[in-house]
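Subject: Handing over a structure, with notes

Dear colleague,

Here is the structure I promised to pass on to you. Please open it beside this message, and then read through the notes that follow.

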Amino acid sequence: MSTVSAPDAAFTDTVEVAREARRLWWLWLVTGIAWLIASLIILQFDRASVTTVGIIVGCMFVFSGVQQFILGALADRLRWLWFTLGALFVVFGIVCFAQPEKTFAGLADMLGFLLLAVGVWWTIAAVLGSRQPLWWLGLICGIAMCILAFWTSGQFFIEKAYTLLVFAGIWALMQGILDIVRAFQARSLGA
């Protein structure tokens, strides 16, 4: 019969999480590259490809929602927040898939709200992870995303159509960069 003190148990759990993160570092790298490819595709579209953009943005939302669910399952605190944000992303993704042509204007309006939600979440995650190296990168991206959200919300429809394309591409680009940075942070964890 062995007894382990609370600090020793917490240390053991932390070491196990670090080992698992180091072992699965490549998942963040793959998702980061996928986000970068999505940003390149989105930024090449024009107004005539509204349906395609609606579907790609829907895929981005659903994929981001799944990512949040996975992170929530791995988190040791504030799980409800990860799961709530994941549910929001999935709902927005389903709305995008329903009728992408008819919901493009709504999608442009949702983008402002969603960019704000993403920006606030990235800012909170950066502050919570302020002991990590490069935490400030998430903070800068979060603040920039909040600024983009307010700018997007103030646009007229025609500008929103083009703004939707640009900002969805910028969002995917920022998410890709953050995921690639997280991949190399996880890879460098000592185990």
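The chain exposes about 10700 Å², and carbon and sulfur atoms supply 72% of that area. Please keep in mind throughout that this is a predicted model. Buried residues make up 39% of the 191 residues in the chain. The chain has seven helices and zero strands, and reading along the sequence gives the pattern α-α-α-α-α-α-α. If you take the contacts between residues at least 6 apart in sequence, 75% of them join residues at least 24 apart.

Helix α2 covers residues 25-44, and its 20 residues, at 1.5 Å a residue, should span 28 Å; the C-alpha atoms at its ends are 30 Å apart, which agrees. The 19 residues of helix α6, residues 135-153, should span 27 Å by the same rule of 1.5 Å a residue, and here the end C-alpha atoms are 28 Å apart, which again agrees.

For helix α6, the buried residues are L137, G138, C141, G142, M145, C146, L148, A149 and T152.

Where does Q67 sit, and what is it in contact with? Q67 belongs to helix α3, and it counts as buried because its relative accessible area is 11%, which is under the 20% cut-off. If its neighbours within four places in sequence are left aside, Q67 is in contact with T31, W35, Q175 and D179.

F184, in helix α7, is partly exposed, with a relative accessible area of 42%. Leaving aside its neighbours within four places in sequence, F184 is in contact with W25 and L29. The C-alpha atoms of F184 and W25 are separated by 6.9 Å, although the two residues are 159 residues apart along the chain.

Next comes the empty space inside the model. Rolling a probe the size of a water molecule over the atoms shows where such space is left. The structure holds one cavity of 30 Å³ or more, and the largest cavity has a volume of about 30 Å³. Its lining is made up of S64, Q68, L85, F89, V118, W121, W122, W171 and Q175. The elements that give two or more residues to this lining are α3 (50-74), α4 (79-98), α5 (104-128) and α7 (157-187), and α5 gives the most, with three residues. Q175, one of the lining residues, is also one of the contacts of Q67.

Finally, please look at L78, which is found in the loop between α3 and α4. Most residues other than glycine have a negative phi, whereas the phi of L78 is near 55 degrees, a positive value in a residue other than glycine. At 31% relative accessibility, L78 counts as partly exposed.

With best wishes,
A colleague

Methods: Residues numbered from 1 in each chain as written. Predicted model: local features only at pLDDT ≥ 70, side-chain atom pairs only at ≥ 80, totals over all residues. Heavy atoms only, no water. Helix = DSSP H or I, 4+ residues; strand = E, 2+ residues; numbered from the N terminus. Expected span 1.5 Å × (residues − 1). Buried < 20%, exposed > 50% of the residue type's maximum accessible area, 1.4 Å probe, protein only. Contact = heavy atoms within 4.5 Å. Areas by Shrake-Rupley, 256 points an atom, 1.4 Å probe, with all protein chains shown as cover. 1 Å grid on protein atoms, 1.4 Å probe; cavity = no way out; pocket = protein on both sides within 12 Å on 5 of 7 lines; lining within 4 Å. Points joined across faces, edges and corners; volume = space filled by probe spheres on them.
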